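Please open the structure in your viewer and follow the stops below in order. Each stop says what to select and what is to be found there.

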Amino acid sequence: MNKEELINKGIPKHVAIIMDGNGRWAKQKGEDRVFGHMNGVSSIRDVLKAAIELGVSYLTLYAFSTENWDRPKEEVDALMNLLVKSLLEEIEELNKNGVSLNAIGDLKQLPDNAQALLKKSIDLTKENKVITLSLALSYSARWEIMNATKKIAEKVKDGSVSPEGINEEMFSNELTTVGLPDPELLIRTSGEQRISNFLLWQLAYAEFYFTEELWPDFDKESFFKAIASYQVRERRFGKISEQIENE
Ligand code: IPE
Ligand code: IPE
Ligand code: MG
């Protein structure tokens with residue numbers, strides 16, 4: 001796929017990805033699930049590079065859901081260790097490439113060492129402007145929406161906000177994605193066609209792209225293909241075609 005052509009047709013500002021299929025990928029190779037997760041890290045590297053080349057400003061990756069805490073302990077532990085190991089290995093390179101690291105989700109549930117390292121890495125890269133890479137960790141959209149509701153309810157209680165004064169912007173500002181524009185494109189690998197509690201509020205008008213490819217097989221070319229698919233969609237936002245053409 002020609003990179004320049006893609007760029008000329010308009011690149012989404014924010015791409016979100018549900019990186020799925022690591023376990024099945026490993027099983028197909030007769031390996032254990034953790035082998036799949038380890039190989040998934042190189043797909044992240046490829047996709048991040050591809051996103052930077054195209055000029056995507058925000059990349060958000062679903063790395064661990066709150067529901068994933070219910071997996072066997074050995075797998076959860078391996079994933080947490082992989083997070084720490086990958087951060088330690090990659091952070092210098094990320095920083096050099098102008099990546100600003102961010103994390104969304106119920107981060108307090110993460111092991112202390114992962115929380116501390118995330119905080120340090122986010123801090124180190126906070127002035128970077130090339131791309132914002134958000135990792136969704138211990139993330140649940142329903143948790144996030146409930147949490148935002150509680151925070152706004154507190155403000156109503158103390159009188160700083162009136163019920164009529166609650167609006168979409170105020171709500172968005174209480175989500176862990178505060179400061180990120182809504183994704184225009186959601187990619188999910190591995191053939192599953194569901195949202196699995198990811199960004200329920202933020203994906204209201206996103207385009208969805210599903211591919212059979214398992215996450216460890218997903219590479220730069222796969223990402224370019226997803227962008228090309230996005231570019232031929234007509235985003236109507238409730239209007240009719242003729243209105244969109246005249247805009
Ligand atoms: C996605 O791959 C990674 C995480 C959820 C952490 P899976 O581990 O869900 O792989 P499959 O879906 O079982 O193949
Ligand atoms: C979604 O994948 C979460 C991540 C990719 C981190 P799952 O594999 O956990 O989703 P379900 O359970 O198949 O819907
Ligand atoms: Mg899965």
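Helices are DSSP runs of H or I with at least four residues, and they are numbered from the N terminus. The model on the screen is predicted.

**First stop: ligand 1**

Select ligand 1 and display the residues around it. There are 13 of them, and D20, G23, R24, R33 and R71 come nearest. Which helices each supply at least two residues of the shell around ligand 1? They are α2, residues 22-28, α3, residues 33-54, and α4, residues 73-96. The largest share comes from α2, which gives three residues to this shell. If the shell is coloured by class, three residues are nonpolar, five are polar and five are charged.

In D20, a polar side-chain atom lies 2.8 Å from an oxygen atom of ligand 1. In R33, an N or O atom of the side chain is likewise 2.8 Å from an oxygen atom of this ligand. In R71, the distance from a polar side-chain atom to an oxygen atom of ligand 1 is 2.7 Å. How much of ligand 1 does the protein bury? Taken alone, ligand 1 exposes 380 Å², and the protein buries 87% of that. Show the surface next: the space that ligand 1 takes is the largest pocket.

**Second stop: ligand 2**

Select ligand 2 and the residues that surround it, which are I18, M19, D20, Y62, A63, F64, N68, R71, R188, R194 and S196. Strand β2, residues 58-65, provides the largest share of this shell, with three residues. By class, the shell holds five nonpolar, two polar and four charged residues.

Keep D20 selected, for it was also a stop at ligand 1. One of its polar side-chain atoms lies 3.2 Å from an oxygen atom of ligand 2. Moving on to R188, an N or O atom in its side chain is 3.3 Å from an oxygen atom of ligand 2. For S196, the corresponding distance from a side-chain N or O atom to an oxygen atom of the ligand is 2.6 Å. Ligand 2 exposes 390 Å² when taken alone, and 77% of that is buried by the protein.

Select N128, in the loop between α5 and β4, the latter covering residues 131-139. Is N128 buried or exposed? N128 counts as buried because its relative accessible area is 18%, and the cut-off for buried is under 20%.

Display the partners of its side chain. One is the side chain of N95, with which the side chain of N128 makes a polar contact at 2.8 Å. Another is the backbone oxygen of V99, which lies 2.9 Å from a polar atom of the N128 side chain.

**Last stop: L110**

Select L110 in the loop that runs between β3, residues 99-104, and α5, residues 112-124. This residue has a relative accessible area of 2%, so L110 is buried. How far apart are L110 and F237 in sequence and in space? They are separated by 127 residues in sequence and by 37 Å in space, C-alpha to C-alpha.

Terms used: Residues numbered from 1 in each chain as written. Chains lettered and ligands numbered in written order. Predicted model: local features only at pLDDT ≥ 70, side-chain atom pairs only at ≥ 80, totals over all residues. Heavy atoms only, no water. Near = heavy atom within 4 Å. Polar contact = N/O pair within 3.5 Å; in protein donor to acceptor, adjacent residues only side chain to side chain. Areas by Shrake-Rupley, 256 points an atom, 1.4 Å probe, with all protein chains shown as cover. 1 Å grid on protein atoms, 1.4 Å probe; cavity = no way out; pocket = protein on both sides within 12 Å on 5 of 7 lines; lining within 4 Å. Sits in = over half its atoms within 2 Å of the grid points. Nonpolar A, V, L, I, M, F, W, Y, C, P; charged D, E, K, R; others polar. Buried < 20%, exposed > 50% of the residue type's maximum accessible area, 1.4 Å probe, protein only.
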